Amino acid sequence: MSKATAVAVNVLVGLLLAGPVAALTLVVLPEKWRSPAVPWAVAAAAIALVAFLRQPKRPPD
Amino acid sequence: MNRRSVVVVLCLVGCSWRPAAALAAVADPPGPQRSAAASAPQGRLAARPTPELIDEATGAAMHLTRLRSGALQVDLEAENLEVRTTLHPNGDVDLTLRAEGDSCVVWRRGEHVRVGRNGRSVGFGARSLGDGELDQIQDVLSGSSAIRRFRAMKSTLSPATRRSVLGVSVAVIDLLIGVLKGEPPPPHVDAAAQSTSARASADSWEGGDGPSCFESWKQEVVGAWKDYEECINSFSWYNPMREVCAFEWVLRVESAWFKFLGCSCIPMKVE
């Protein structure tokens, strides 16, 4: 799998997971903290998490 | 058939199908969205057609009803102004504007159109509107306080109302009146109507006059959560139908999420 494909997969899976997570976050957060930055932050975190979990494992030395 | 005749026919047809689409959506809303609309009334009403609407700017009350005959009726009541449009299933249209003793009537039966005001009327064919008929129509309609009030009210409608289906119906009526009064039809009418429809169906976006993408998403998410709570509370703890509630919630929030992403990132699509 090329690097571009891997990045695209990470982004797509991250966005897919970010939907329910962002929705739950919004519901849990108090009203004053519900800003447009919340869903984007959740999306970024989800993509980063997916990228972290999907990174190839290095063989043990 | 000259250009004015084409515009008159288009107006009458436009009067027919826009509220028809609205009532169809109102009469048969998607199942999972019914309770959301009840619990979060502002959630999707900006985007969905609504049978009742009160304009914030003018205070005009608009109402859409379906008659026993299958006809659709749009009623508008504003200060010293009453407008009623009845759209019959066969495409016939009745339009009445009343204000302070002034009453204007436009009705279409098949290919025949009649325009009247305070006892005077002019009839003509919808496909054969000529200058002679236009002169007579303008003679009949000139000085109408009902039309003047209607157009003044229409020009001050709030942007949110203009984007609603009832608002578009008002715009179509205004266009029809404009054509009957001999005003040149604006060349961007079709594009504007399509743009309005696209906006209404795809929600508004950041920078628009309606709720932002985030507000729409937030209201949808909060409404979905309330529905989810109601759903799981309606079943016992051991009932597997609770999983269906969760599945429905996931589908709704995913749908709202990708709608939010599309609204935020691809504004040219909805514009």
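Predicted model: local features only at pLDDT ≥ 70, side-chain atom pairs only at ≥ 80, totals over all residues.
B:Arg108 stands opposite B:Val113 of strand 7 of chain B. Strand 7, which comprises residues 112-117 of chain B, has a covered face made of B:Val113, B:Val115 and B:Arg117, whereas B:His112, B:Arg114 and B:Gly116 make up an uncovered one. In a regular strand, side chains alternate between the two faces of the sheet.

Elsewhere in chain B, B:Leu87 lies in strand 4, which spans residues 81-87. B:Leu87 has 27 other C-beta atoms within 10 Å and is therefore buried, the cut-off for burial being 20 or more. B:Leu87 and B:Leu72 are separated by 15 residues in sequence, while their C-alpha atoms are 5.0 Å apart in space.

Helix 6 of chain B, made up of 16 residues (165-180), reaches 23 Å from its first C-alpha to its last, which is close to the 22 Å expected at 1.5 Å a residue. Helix 6 of chain B is mostly covered, with 13 of its 16 residues buried, and just after this helix B:Gly182 adopts a positive phi of about 90°.

Taken as a whole, chain B contains 10 helices and eight strands, and 36% of its 271 residues count as buried. Among the contacts in chain B that link residues at least 6 apart in sequence, 60% join residues at least 24 apart. Chain A has two helices and zero strands, and 20% of its 61 residues count as buried.

Helix 2 of chain A consists of 18 residues (37-54), which at 1.5 Å a residue should span 26 Å, and the distance of 26 Å between its end C-alpha atoms agrees with this expectation. Its buried residues are A:Pro39, A:Val42, A:Ala43, A:Ala46 and A:Val50. Viewed down the axis of helix 2 of chain A, these buried residues fall within an arc of 100°, so they line one face of the helix. On the other side of helix 2 of chain A, the residues A:Ala37, A:Ala44, A:Ala48 and A:Phe52 are exposed. The buried residues pack against helix 1 of chain A (3-28) as well as helix 8 and helix 9 of chain B.

Where the chains meet, 12 residues of chain B are in contact with 11 residues of chain A. On the side of chain B that touches chain A, the elements giving two or more residues are helix 8 (213-233) and helix 9 (241-265) of chain B. The residues of this side divide into 10 nonpolar and two charged, with no polar residue among them. Helix 9 of chain B also holds B:Leu261, which counts as partly exposed because it has 18 C-beta neighbours inside 10 Å. B:Leu261 and B:Phe214 are 47 residues apart in sequence, with a C-alpha to C-alpha distance of 9.4 Å.

As to confidence, the model scores ipTM 0.88 and pTM 0.45. The mean pLDDT of chain B is 73, and 69% of its residues reach 70 or more. Over residues 6-49 of chain B the pLDDT is below 50, and this stretch has 83 contacts in the model beyond near neighbours in sequence. Residues 190-209 of chain B also stay under 50 in pLDDT, and for these residues the model has 31 contacts beyond four places in sequence.

Conventions: Residues numbered from 1 in each chain as written. Chains lettered and ligands numbered in written order. Contact = placed C-beta atoms within 7 Å. Helix = DSSP H or I, 4+ residues; strand = E, 2+ residues; numbered from the N terminus. Nonpolar A, V, L, I, M, F, W, Y, C, P; charged D, E, K, R; others polar. Buried ≥ 20, exposed ≤ 12 C-beta atoms within 10 Å, placed from the backbone. Expected span 1.5 Å × (residues − 1). Arc of directions from axis to C-beta. pLDDT = per-residue confidence, 0-100. Pairing = 2+ DSSP bridges.
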